[in-house]
Amino acid sequence: MEAQVNDEPEELQPSAATGNLMDSRTSHLDDVLNEKLERAFHKQTSQVLLHDVAKIAIEHDPIDLAYAVTRLPPAARIVVYENLPDLNAKIIFMINTGSNTRTAIFRQVDDAEIKSLIERMPPDEAVWILDDMSDRRLKRVFELLDAKKANRIRELQKHDRHSAGRLMTNEFFAFHMNTTIGEVAAHIRDNPGIELTRRIFVITDTGELAGFVPGRNLIVNPHYLPLRQVMQPILHKVSADASRDEVVDIVERYKVPALPVVDEMDRLAGVITYEDVVEAMEDIADETIACMAGTAEDVSEHDPILRRFFWRAPWLLVTLCAGLVTATVMAHFSDRAWFGFVPFFVPLITGMSGNVGIQCSTILVRSMSTGELSAGSRGDAIAKELGIGLLIGFVFGILCGFFVYLLNYLEIHNVGFEPFVVGTTVSCGVLGACMTATTLGAFSPFFFARFRIDPAVASGPIVTAFNDLLSTLMFFLVARLVYTFFV
């Protein structure tokens, strides 16, 4: 009987408990390793330093060292690299470390060593590492590389950094449908340098993608069976120009362990592995969090304080300007009769509206990033958020107005104006500010997405600053109208 084995992974994300446990272990390991390295690099004699560093490099996993060196000065990172026990350890170190570390190492090593590293790497890993190298140096390294290897890397470099073409590897196993399982197994044994994915792809006479065979089926089926008898249909594939977000969405939704990339003729051009998608998800998460926080700094790199200041300053400059505009507007209205009690409630208005706007934009950004929000459901999502904003403004506006009226009526908090006028002004001001914030929070993610800007910017300090300014202006307008109506 022919066994058909489904190799689909159950979940893309680890459980919360496992994630917390792993975070705790790895964070503790990073601290211990960093402490060892700092002690080694603070020794007085270089002989003792090199001996200690070499001992640390031998005892610890190169992946852990790749993360730990980001806390060291650039000059010290090359010392750790040079004391790694063998070439394989150096390759693992270079693949897993950060861009700044690779740049620092490239400045110190010669072209021959870089060539030896690249030759042993998969092309999809090599292309990312070579991105940290100058064009001139890259040209010299390509001249030293094997022509076949260099061409594979150049093919991947043609694609956009955030496309499926950059995520894929162009070294994979694909066989004609008449090839037997025994022949496939022999070919895989003869090519240990090519990573074995969880799927073996099957092609037609013209090279078109016909299907795939789960890796386990090569074990459980007789060796004389041709692949066409055990292959399964390809349900999901992408082109090389597909975006990184599209790839992540497909793999996350359908749990595809190896996603084929095809050209215009439906011929197999590459394969995106599950591990590549996980790395892409981490990059997307880092970029999204950075946009929401209003900074472009790389949190994995322990850069000097001044450099991190310059990463954050441009974003905060917008907040500063918005605050100055608000202060100017307040100064402009300071001589108006209705303005006497308004400044006391500006923090309440900006705080309430700011949280309402952030909640709205964050929910929409999350729905957009997970693929739950499609183009067809955009209008419904906006309408729902506006309805929620109206309800929040109405309920909390009445509550705020009632308490402000009560406090003034009982003279616990007397601002010198008629309690009913003050309560009504605050109540209407909260409603107007919440609706202003909701409108900005509901439309700004789609506005940024239309211009191919990360929608997470809608939750960042720029939009928050505009939200505070607009909400304050709305409160001033409401205060003037209410005061004019009653007084």
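Predicted model: local features only at pLDDT ≥ 70, side-chain atom pairs only at ≥ 80, totals over all residues.
Residues are numbered from 1 along each chain as its sequence is written, and side-chain values use heavy atoms, with hydrogens and water left out.

**α17 with α20**

- α17 packs against helix α20 (residues 461-486) at about 130°, and their axes are 9 Å apart (helices are DSSP H or I runs of at least four residues, numbered from the N terminus; axes are fitted to C-alpha atoms over the stretch in contact, with angles from 0 to 180 degrees between N-to-C directions).
- The two helices α17 and α20 are therefore oblique to each other (under 35 degrees is roughly parallel, over 145 roughly antiparallel, 65 to 115 roughly perpendicular, the rest oblique).
- From α17, V346, I349, T350, S353, G354, G357 and I358 meet T464, N467, D468, S471, T472, F475 and F476 of α20 (contact: heavy atoms within 4.5 Å).
- Sorted by class, this α17/α20 contact has 5 nonpolar, 8 polar and 1 charged residues (nonpolar: Ala, Val, Leu, Ile, Met, Phe, Trp, Tyr, Cys, Pro; charged: Asp, Glu, Lys, Arg; polar: the others, Gly among them).

**α17 with α19**

- Helix α17 (residues 346-369) also packs with helix α19 (residues 419-450), this time at an angle of about 30° with the axes 8 Å apart.
- That angle makes α17 roughly parallel to α19.
- The α17/α19 crossing is right-handed.
- On the α17 side, the contact residues include L348, M352, V356, C360, L364 and M368.
- Their partners in α19 include V426, V430, A433, A437, P445 and F446.

**α5 with α7**

- Helix α5 (residues 87-96) and helix α7 (residues 111-119) cross at roughly 85°, and their axes come within 10 Å.
- So α5 and α7 sit roughly perpendicular to each other.
- L87, K90, I91 and M94 of α5 make the contact with E113, S116 and L117 of α7.
- That α5/α7 contact splits into 4 nonpolar, 1 polar and 2 charged residues.

**Cavities and a pocket**

- Searching the whole structure turns up 2 cavities of 30 Å³ or more (on a 1 Å grid over protein atoms alone, a 1.4 Å probe fits but cannot get out of a cavity; a pocket is an open set with protein on both sides within 12 Å along at least five of seven lines; lining residues have an atom within 4 Å of a point).
- The largest cavity has a volume of about 70 Å³ (space filled by probe spheres on grid points joined across faces, edges and corners).
- Its lining is P122, P123, D124, T169, E171, G193, E195 and T197, which works out as 2 nonpolar, 3 polar and 3 charged.
- The second largest pocket holds about 240 Å³.
- Of the 13 residues lining the second largest pocket, H159, M168, A240, D263 and A269 lie nearest its centre.
- By class, the lining of the second largest pocket has 5 nonpolar, 3 polar and 5 charged residues.

- H159 sits in the loop between α10 (147-157) and α11 (164-167).
- Beyond its neighbours within four places in sequence, H159 contacts G165, R166, M168 and A240.
- H159 and D241 are 82 residues apart in sequence, yet 7.3 Å apart in space, C-alpha to C-alpha.

Definitions and conventions:
Left-handed = near helix turned anticlockwise from the far one by under 90°.
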